[in-house]
Amino acid sequence: MARIETISVQGNYKPQSGEPRVVPIAQSTTYKYNELNQLADLFDLKAAGYFYSRIGNPTVAALEEKVALLEGGVAALATSSGQAANTFALLNILKTGDNFLLSSKVYGGSINVFENTFKKFGIDVIKFDLDSSAEEIKALANEKTKAIFGETISNPTLEVLDLEKIVSVGKDLGVPVIVDASLTTPYLLRPLDYGVNIVTHSSTKYLDGHAAALGGIIVDGGNFDWNNGKFPELVEPDPTYHGLSYTETFGNQAYIVKARVQLLRDLGSCQSPFNAYITNQNLETLHLRLARHSENALAVAKFLESHKNIESVNYPGLESNKYYENAKKYLPKGASGVLSFNIKGSIENAKIFVGKLKLVALVTHVADVRTSVIHPASTTHRQLSEEELLEIGISPTLIRLSVGIENVDDIIEDLSQALDF
Ligand SMILES: *Cc1c(COP(=O)(O)O)cnc(C)c1O
């Protein structure tokens with residue numbers, strides 16, 4: 001079995017003699033067949049192959065295989081965005097009347113879809129505090145609870161989930177643990193190694209890592225027993241495929257096959273071959289980028305921590321951080337590139353700081369090679385009152401910084417001149 005750096009570069013792509021060295025873009029919606037019964041078998045899921053790019057495409061498949069290998073999973077499904085990946089990951093196993101346990105610290109877009117859109121479908125969330133004990137979290141569940149969802153490092157609050165604790169809750173409840181690992185990537189942390197069942201990514205973030213392609217991906221660990229009475233849709237006959245049972249026919253790939261042939265078929269949030277091509281290529285440097293992002297972010301965090309105009313720094317790689325022990329355990333190779341900090345004084349100082357930056361750019365994004373900054377109180381979270389902001393841990397002077405892979409001295413010099421007031 002190849003190591004993670006080798007998988008990042010080569011994936012599972014093995015061109016035959018005379019074929020392109022780089023995974024080509026199959027920019028085609030459809031595929032030609034010689035025999036009608038070949039195509040009929042594909043429609044019946046009796047044979048594997050491509051027939052329409054909404055459900056499968058060779059370039060997208062190369063990305064799926066690479067990310068499944070990187071995560072140590074059995075199969076993966078790429079989607080049009082991270083939002084679609086998280087939506088599918090849950091809708092694949094939940095229906096009206098069900099609920100799932102949701103970490104209270106997750107990405108704002110996830111809160112929107114889970115608490116508002118899912119609610120309209122009759123799917124409820126039960127929020128848990130990631131600092132609660134396994135017993136406390138377990139006690140929140142009921143017989144309609146079908147999954148647990150959290151983020152490895154939460155965006156933007158940067159808390160590190162205790163995977164072993166959450167996995168023990170999942171095991172006791174007989175429900176899968178799903179984690180969004182967008183901020184860590186399989187280079188820094190492989191959640192499946194700790195018993196997590198499903199991993200999702202906004203590949204828009206570090207997997208692409210260049211702010212060039214939107215995308216999402218779901219990876220199945222193949223390590224959950226769907227036949228435990230709680231997930232009949234994976235076990236019982238699907239009338240839209242002549243009564244086929246996913247677990248019987250596809251074994252430990254049942255979850256991903258079902259997501260593909262039901263959700264991707266019906267809801268259509270497929271990834272474009274072009275975006276898969278870009279993401280697959282940019283994944284070739286995943287190991288180099290994440291090592292440098294983490295190294296630069298730690299140096300920047302230490303610089304900020306000692307600066308006279310900085311009130312506090314939040315980075316799980318700092319010894320002073322509440323999640324340092326979790327980071328040491330789960331993120332030994334580095335704590336990724338995103339950090340946040342509070343500037344001393346008022347909101348005006350935060351605005352002056354952002355205005356003076358030259359190299360560091362103001363953008364609504366994290367996790368790409370260029371260092372970027374945002375002031376949540378006046379942008380992403382501007383609809384909230386000061387009280388509401390404080391409730392979710394965002395003070396008016398908070399700055400979020402996504403540290404890139406430029407020379408770290410240049411990044412620090414730019415921050416330093418902007419903090420000079
Ligand atoms: C950005 C992000 C998402 C949403 O991904 P999109 O690709 O923007 O749809 C989901 N989860 C996390 C942790 C994110 O950072």
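**Helix packing and ligand surroundings**

Helix 3 passes helix 12 in a left-handed crossing. The model is predicted. The axes of helix 3 (residues 58-71) and helix 12 (residues 273-282) come within 8 Å. They cross at roughly 40°. Helix 3 is therefore oblique to helix 12. On the helix 3 side, T59, V60, A62, L63 and K66 make the contact. Helix 12 contributes P273, A276, Y277, T279 and N280. By class, the contact of helix 3 with helix 12 comprises six nonpolar residues, three polar residues and one charged residue.

Helix 4 (residues 82-91) and helix 5 (residues 108-120) have axes that come within 10 Å and cross at roughly 45°. This angle makes helix 4 oblique to helix 5. The crossing of helix 4 past helix 5 is right-handed. Q83, N86, T87, L90 and L91 form the helix 4 side of the contact. The helix 5 side consists of G109, S110, V113, F114 and F118. Five of the residues in the contact of helix 4 with helix 5 are nonpolar and five are polar. None is charged.

A backbone N or O atom of Q83 lies 2.9 Å from an oxygen atom of the ligand. In total, 14 residues surround the ligand. The closest are N155, D180, S202, T204 and K205. For N155, a polar side-chain atom lies 2.9 Å from a ligand oxygen atom. For K205, the distance from a polar side-chain atom to an oxygen atom of the ligand is 2.6 Å.

Key:
Residues are numbered from 1 along each chain as its sequence is written. This is a predicted model: local features need pLDDT of at least 70, side-chain atom pairs count only at pLDDT 80 or more; totals for chains, interfaces and linings use all residues. Side-chain values use heavy atoms; hydrogens and water are left out. Axes are lines fitted to C-alpha atoms, for helices over the stretch in contact, and angles run from 0 to 180 degrees between N-to-C directions. Helices (H or I, at least four residues) and strands (E, at least two) are DSSP runs, numbered from the N terminus. Angles under 35 degrees count as roughly parallel, over 145 as roughly antiparallel, 65 to 115 as roughly perpendicular and the rest as oblique. A crossing is left-handed if the near helix is turned anticlockwise from the far one by less than a right angle, and right-handed if clockwise. Contact means heavy atoms within 4.5 Å. Ala, Val, Leu, Ile, Met, Phe, Trp, Tyr, Cys and Pro count as nonpolar, Asp, Glu, Lys and Arg as charged, and the others, Gly among them, as polar. A residue is near a molecule or strand if one of its heavy atoms lies within 4 Å of it. A polar contact is a pair of N or O atoms within 3.5 Å; within protein, one must be able to donate a hydrogen and the other to accept it, and residues adjacent in sequence count only if both atoms are side-chain atoms.
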